[in-house]
Structure formats: structure tokens, C-alpha cells
Amino acid sequence: MSLDNYLYLSAILFTIGAVGVVVRRNAIVVFMCVELMLNAANLTLVTFSRINGTLDAQVIAFFTMVVAACEVVVGLAIIVTIYRSRRSASIDDASLLKR
Amino acid sequence: MTMVTNNGLVYLIALPLFGAIALLLLGRRADKWGHLLATAMSAGSFAVGLFQLSEMLGRAAESRPVTQKLFTWISVGSFNVDASLLLDQLSICFVLLITGVGTLIHIYSISYMSHDPDRRRFFAYLNLFIAAMLLLVLGDSYLNLYVGWEGVGLASYLLIGFWNQKPAYATASKKAFIMNRIGDMGLSFAIMIAFASLGTVSFSGVKEHSHHASEATMTAIGIMLLVAAVGKSAQFPLQAWLGDAMAGPTPVSALIHAATMVTAGVYLIVRSNFVFDAAPNAQLLVVIVGAITLMFGALVGTAKDDIKKALAASTMSQIGYMILASGLGPAGYAFAIMHLLTHGFFKAGMFLGAGSVMHGMNDEVNMRRYGGLRKFMPITFITFGLGYLAIIGVPPFAGFYSKDMIIETALNAGGAKGIILGSVTLLGAAITAFYMTRVMILTFTSPKRWDDNQHPHESPILMWLPMVILSIGSVISGFLLYRGEALKHWLEPLFEEHGEHTELLPPIVVSGLALLMVAIGVAFAVIKYQLSEVDAVAPENVTEFTRVARRDLLQDDINEALFMRPGQAITSALVKIDQNVIDGAVHGIGKMALGSGSFLRKSQTGFVRSYAVLILIGAAALIAAIWVVTT
């Protein structure tokens, strides 16, 4: 099987994630879409690692996972707090900083 | 020639300076005894002066000047200025006048200011003045003189505005200060020219150069020195501040604005005799200024009803005599100083007399509200009267000798100049006699014109004693200085030799003429004020001349029209430019930033998803751009 297919898959996953971030209002779903984009990027990195026969990109993928884990912790905490105070997880409602 | 060093000179200045600093720093704690300390300091300085005089008398004429180097002030390359003092035959005259009259006025002020809550501050300023004035006459270079020159200006400002709770008095002090600044600028220009073209600012250095420097340089220095003298000595055209300076307490008017500070201009010109001897044009200008001012002051004096302002106009006129004499070259310097010394006695005495009258009349200054005070204030009347006889020049009183010598020297100046100056000085003598007789009659001998709630009385001894001493001075000082040409020979080593002088008229005829003019002036005044009724309110239906003279010959109107209003116009134009052009530009830039900010603000919607779209588009555009560039 050609390694290109992995790249197509990651492109499709990234697009799904990006569209999800733009169109969905629920903060949890938006969050999952962000994770999807990150993992699509990871897949690309790993694929290129295999194509080039080096391990550099795999190392970067690990970094990405660590950053994603941290981001999930902080992001979920923010979402929970916003939900508690506003009784809503819609990201369109959280626009207080504009005023 | 090396001069004798004398380390005692510094005490002349140090004593009053210490008094001033102590009184100002100790504040209210010194209220009880401050005036005594200040008087003691002034008297101590006088004692040091007397001691110096006795030492000086013991030496030969050419080795009389003594110096004291205090410290090196400026030392830059070849340019060296020491803070040094120089006491010679000229400065000792001033030292004794300043500290002598100064001490008497300190004593007078103890009583005169006894009800003033700020008496301590007053005495501190008086001591400050004495110290600054001594520095002025003791400095051995123009730069040292300049320090004292500014110091007396400061003291004068502080004392004119001593009662600065009255806005008019505060304004008067500011007026004096600002007009003096113009003169001070002249002095600083003179110093700069001397430094730039001669490379030295000391008296001896400039004197050495005066023989071979170009006449143009000397004329420039001379004219700038004259500007300085004109400002400090209230000469035409910077005379307008002196009348208003009478806002200060009367002892201040006596000491600063009659006897000492205002004569600093005469000192400056006589001290710079070598400059003016080398610059005939500047010298001519000095004479012209003196002649104009002497008539100006005399004419203003005829119309003033305020006793202090009448005396101030008279001071201006008498200093005009001195300036005129100092512009007559080596022949006149000694007589300028002689008139200065005698004037110091009689004018200070008369101002103290005026203060005594005001003291007894509830601070009334309008002579039309006086009258018949001879009976109530006999001592003031006699001392004032002796000063009066001295100033109008009745023999054998002091003013007769000094003024007569000036008139004679002016007449002998040669040619048309001599005749013009001689007639001006003679006419001035007549007008002086007129206005001083007027003061005398209105105050002391005419019928009373004051209300019954006034209770005129003689002043306490602390006030009349200085007046008595000064009146003795106004009787004998002229004769003592004149006898055997004492002062002339005393000062002679300082001045260049002068050639044969022509004699237009024999001295006895000149004296006769002068006395005739005085008699005419007195007669006019007696007819007009003693033998006819005097109104208690200044009459309105007067000649145009009186009207103008009452307004000081329009000096303020002219200054306002020529300088103040154009100055105000320039200022308000600058304000408009500032508001419209400069502020406009600044505000415009601010508004621009504000406008573009509020325009860009619209893109910040607050919706996370729209930001996400923008990031997506941006990233896509970036990748597209890279793709386009790389392929």
C-alpha cells in the first residue's frame, strides 16, 4: 500500500476537524475537533518519518501529544468553569471580553 | 605693581551676610532679638570699615589699595577669575556710606518696624542688602561686581515687595525687578564683550587693555555698562520703576532707593573711568542720559503729591546730576562721588523724615493732607529742613558744594556742550529748589489740612536720633569733602590725568548764578503754596503739563504702548499658534489613531468561531503563498 494514503487520510481528518471547529457551537465538540486536527498532524509527521526513514518527526509527534494532553487539561478546566458560571457550553455566549 | 594683601576685608561682607543667614534660618526663634543682631552686624561692618580707613590713611597715596583673594573661582585655560576683594580710595567711600547710613537705618527701623510681625525677616533682608552692596563695591573684577549687582537687585525686590499681601506692592516689586533685568543684561553683555575681545574681566586687566584696544570695543563695553547703570540707577529710559519702588517700607526707600543701591550705576561708571576715557562717544551718551534724567526727575517732582514719590523723583534727578558729572571725564568723577556722598546723607535723612511724618500721621502719604506739622514734629521739621537746605544747595550746607562743583564742571566742558549742560544743570537747580520747597511748605509750614481724628506726634528717639545724625552729615559733609579739595585729591590716583580745563565763567559767578536760580525756584514755590490756599484734594482744572507730570511724564503709558502691548500681542499670537497649529497637530495624530482603532475594533467580534475562520484563512493563504513562491 502506498504511504500516500496515510497522507490523504490525515488531510481528510484535518479538514473534518477544521470544519468542526468553525461550524459547531458546543465547546466540547469544538475541543474534540481541535484534538482531531492535532492527531491528523501527528499522522502526517509519522508518515513522513516512515517515508524519509528518519526518527525526527516521530519525536516531534511525541511532543505534540504532550502538548495536547496539557491543553486538554487546561481547556477542559476552563470549559467546566464557564459552564458552571453561565450554565451553557456554547462558545458563542462566551464573548464577554469584547465589551 | 603688587598690591598689599589684607585679610580683614572679608569681615566687611561676612558680618552682615552671617546676620542675614542666621535670621533667615532661625526663623521665628529669632523674632525677639533678630533686629538687634542685624543692627550689631551692620555696626560691626562699619567698625571694620573705619579701621580699614585709618590703616589706609597711614599709607602713601599709591600704596593705599589693598586686596584679599578669597578663593579661585574660575580657572579655565588661560582664563582666571579669583573671588577677590579690592579696597581702594573709591570703594572705602562707598563702604563707609553703605555701612554708616545702613547702620543708622537699621537703628531707625527697630522702632519704625516694631509693630510689624515680620520685623525679623525685614532685618534679614536689610543685612542681605548690606552684604550684597559691599560685595558690589569691593569686587575686583566685573564678574565679582556682577554677583553683588544681582544680590542688591534681589534684596531690593524682596524689600519693595515686603508687604506683598497688597497686590499693588507685589506688582511694584516685580516691575522693579524686571526693569532692572534689562540693565543687568547690559552688564552681562559688557562682561562678555570684555572677555571676548580683551580676554579679561578684572578692573586692572581691562584698564591695561584700554590704552591699546580699539575704540569700537571700548565704545561697545561703555554703552553696555551705561545700560547697566541706567537700569540700576533708574535713569532715562529705564526710570519708571523707582516711583513704584516706594511701595517698600520707608527705611528701605531711604537706604536702597536713595542713598546706596540706586547710586551703584554712578559707581560702575566711575569705576570704569578707563573705559569711558577711551570711548568719547559712550561718554557723551552718559552725559546725555544724565542731563535728560535730571530734568525728567525734577519735572516729575514738581507735580507729585505723594511725599515719598516726590522724594523718589528728586532722587532720580539728583542721580542724573551724578551721572552727568561722571560723563564729564576725569574732571567730573570726583564731583560725581562727592555729590553721591552728600546726597547719601541728605536724601536718606529726608526719607527718614518722611517716614517719621508718616509714622505720626497714620501712614498718610499725601502731602495735601499734611500741613502745619512744624509745631507737632519739631525734630523731624529741623532735620528735614537741614536736608532740604542741603539739597537745594544753600551755602554752607552739603549740597551747595557738591552741586556747585558739578554745575561748574558742566559749564567748563567746553563749547556748545558746556553751555547746554551748564544751563540744564542750572535750570535743574531751580526746579529742585521749587519742588523741594513745595514739599517743605505742604508738609510743615502751610495751614493744617488733616482731619481732626489725626493726632500727629513726634517719633521716638530711636527714630529721630538717626535723623539728627544724618542731618549733621548733610550740614558738614559737603564742606569737609570740599575743603582743600580733599575728596578730589583722595581719589586722584585712580583716574587718568586730565589736561588743562577751560574756564567759561569764574567760580564765584557760577555760584552766584546757581544761588540766583535757587532763589527763583524757592520764590515761585513760596508764592504758589505758602502765600496762597492749598487744596486738600488735588485740583482737576490744571494745565496739560501738570496732568502729564502727575502721570510721571507718561513713562508708564509709553512703556505700555511700546513694549507691554506689543509683547502681549506677541504672546497671545503665540498662544493661538500653540493652540491651533501645534496642539492641532498633536490632537490630529491622536484622533487618527483613535479613528483607525475604532475602525479595526469592528473585526473583533468576540465570537471564537469567527476567529477560527480567520486563522484558517490566514494559514491557508500562507501555505498558498509559500506554494506559489516555491514552485
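Helix 2 (residues 27-52) and helix 3 (residues 56-86) of chain A have axes that come within 8 Å and cross at roughly 175°. The axes are lines fitted to C-alpha atoms over the stretch in contact, with angles from 0 to 180 degrees between N-to-C directions. Helices are DSSP runs of H or I with at least four residues, strands are runs of E with at least two, and both are numbered from the N terminus. The two helices of chain A are therefore roughly antiparallel, a term for angles over 145 degrees.

By class, their contact has 14 nonpolar, five polar and two charged residues. Nonpolar is Ala, Val, Leu, Ile, Met, Phe, Trp, Tyr, Cys and Pro; charged is Asp, Glu, Lys and Arg; the others, Gly among them, are polar.

This is a predicted model, where local features need pLDDT of at least 70, side-chain atom pairs count only at pLDDT 80 or more, and totals for chains, interfaces and linings use all residues. Residues are numbered from 1 along each chain as its sequence is written, and chains are lettered from A and ligands numbered from 1 in the order in which they are written.

Now chain B. Three strands form an open, mixed sheet in the order 1-2-3; pairing takes at least two DSSP bridges. Strand 1 (4-5) and strand 3 (79-87) of chain B are at the edges, each with a single partner, so one side of each has no neighbour in the sheet. Strands 1 and 2 of chain B pair in parallel over two bridges. Strand 2 (residues 66-76) and strand 3 of chain B are antiparallel over nine bridges.

Technical notes:
Parallel < 35°, antiparallel > 145°, perpendicular 65-115°, else oblique.
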